[in-house]
Amino acid sequence: MSEDHHHRLPTTPVEARVEVLEALLIEKGILDAGTVDGLVEYYEHQVGPMNGAKVVARAWIDPDYCARLLADGTAAIAELGFGGVEGEHMVVLENTPQVHNVVVCTLCSCYPWPVLGLPPNWYKSPPYRSRMVREPRVVLAEMGCAVGDDVEIRVWDSSAEVRYLVLPMRPEAGEAVSETALADLVTRDSMIGVARL
Amino acid sequence: MGGLEDFGPVELEADEPVFHTDWERRAAGLKMAVWFGGHTSGRSRYCTERMDPGWYLVSPYYEHWVTATATELVEAGLITRQELADRLGSAFAVSRPDRAPRLTDPGPSSDRHRYAVGDEVRVRDFHTLGHTRAPRYVRGKRGTVVRLDGVFSLPDVHVHCDRRRDEPTYSVRFEASELWGAAGDPVHVDLWESYLEDAGE
């Protein structure tokens, strides 16, 4: 193997490489340690599927909001205070008794950060990215999401600038349930489209 | 990766944390800080794509972020491989070299959609050495425009050129029979206009 080849494969633990890169960037003034800490704190604790759940619950109880959400996802999501990087161009996909939507990024890992946070490992994994477009019904069943033969599965590969949020069907929970209680029913996976409520 | 076979089942993790280890946390934070700080040039994904394929497939996701960030900053001249190696005590693995030619002419920008919802289109069958967002599994395939999206910088150009080319984008629906030669469920793919041509007969 050429010397170049050795340089293209790691011989050191990733922990050491992260430490070296961070230290070098701080030394060069490219990076500020406090900025890194702040970003980590934000994406680890301040943003996540609880945001998307609020959007879904509002859409369930407010038909006008639901209409706005489906017409212009970015603007309607911003009404609840959510937006920003990886959520600048949102499209909301409505599940119905006839249609089940599911989202994938076959090229990499596109995901609507402001409403779902950072993606789980399986979403970024080769099995999900390779198979969801080819055999969605099989993959969904394997993931515990059985979809009836009379329901069309629509797969959405977010390969450009749009980021998708699935609007799951409202489960039977009685009419008197509060918006907050409804939000508690909404799971991350249901908003990616790999679970039904 | 769309349509590749034999990757096995999707492995789920109950109550998965946002980060599994502290290095993942630091890697994510440093990549975002470099990105949001304007130190990158929109080449991050292209840097990830040039990781050695065997390494790419078996390494954790945030290792891709560390590698892409280091590669992008080295290629931008902000840091050097020697500086990284000096601190690490051995070579710091980065992605493979950029083999695509630099573009001097970004080509014409457009802000008007050429196609309408319902139009039949075909994805051009092209194979570039450089970066593209046209997934391989739809190239050469016929589909139907289902949604007109915004006008965005074409990554195939801005990754390889000092200037950008803005183009309309679309969501295009492909039937399973067209993609895989068998009945199944449709797939919708978001595509820049220059990836598309008239479907013809």
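**Figure 1. Packing of helices α4 and α5 in chain A of the predicted model.** Helix α4, residues 49-61 of chain A, packs against helix α5, residues 63-71 of chain A, at an angle of about 125°, and the axes of the two helices are 5 Å apart. The two helices α4(A) and α5(A) are therefore oblique to each other, and their crossing is left-handed.

**Figure 2. Residues at the contact of α4(A) with α5(A).** From α4(A) come A:Val55, A:Arg58 and A:Ala59, which meet A:Tyr65, A:Cys66 and A:Leu69 of α5(A). By residue class, the contact of α4(A) with α5(A) is made up of five nonpolar residues and one charged residue, with no polar residue taking part.

**Figure 3. Domains of chain A.** The assignment divides chain A into domain 1, which spans residues 3-45, and domain 2, which spans residues 49-192. Taken over C-alpha atoms, the centres of domain 1 of chain A and domain 2 of chain A lie 32 Å apart.

**Figure 4. The contact between chain A and chain B.** Chain A contributes 63 residues to this contact, and chain B contributes 62 residues. On the side of chain B that touches chain A, at least two residues each are supplied by the helices α1 (22-36), α2 (44-49), α3 (53-58), α4 (61-75) and α5 (81-88) of chain B, and likewise by the strands β2 (142-153) and β4 (187-192) of chain B. The element that gives the most to this side is α1(B), with 10 residues. Sorted by class, the residues on the side of chain B that touches chain A comprise 36 nonpolar, 11 polar and 15 charged.

**Figure 5. Domains and secondary structure of chain B.** In chain B, domain 1 is assigned to residues 22-88 and domain 2 to residues 120-198, and the C-alpha centres of domain 1 of chain B and domain 2 of chain B are separated by 27 Å. The secondary structure of chain B amounts to seven helices and five strands, which follow one another from the N terminus in the order α-α-α-α-α-β-β-α-β-α-β-β. Along the principal axes, the C-alpha atoms of chain B fill a box of roughly 60 × 45 × 25 Å.

**Figure 6. Confidence scores of the prediction.** For chain B the pLDDT averages 96, and 100% of the residues of chain B score at least 70. The model as a whole has an ipTM of 0.97 and a pTM of 0.96.

Technical notes
Residues numbered from 1 in each chain as written. Chains lettered and ligands numbered in written order. Predicted model: local features only at pLDDT ≥ 70, side-chain atom pairs only at ≥ 80, totals over all residues. Axes fitted to C-alpha atoms, helices over the stretch in contact; angles between N-to-C directions. Helix = DSSP H or I, 4+ residues; strand = E, 2+ residues; numbered from the N terminus. Parallel < 35°, antiparallel > 145°, perpendicular 65-115°, else oblique. Left-handed = near helix turned anticlockwise from the far one by under 90°. Contact = placed C-beta atoms within 7 Å. Nonpolar A, V, L, I, M, F, W, Y, C, P; charged D, E, K, R; others polar. pLDDT = per-residue confidence, 0-100. Domains from an automatic or database assignment.
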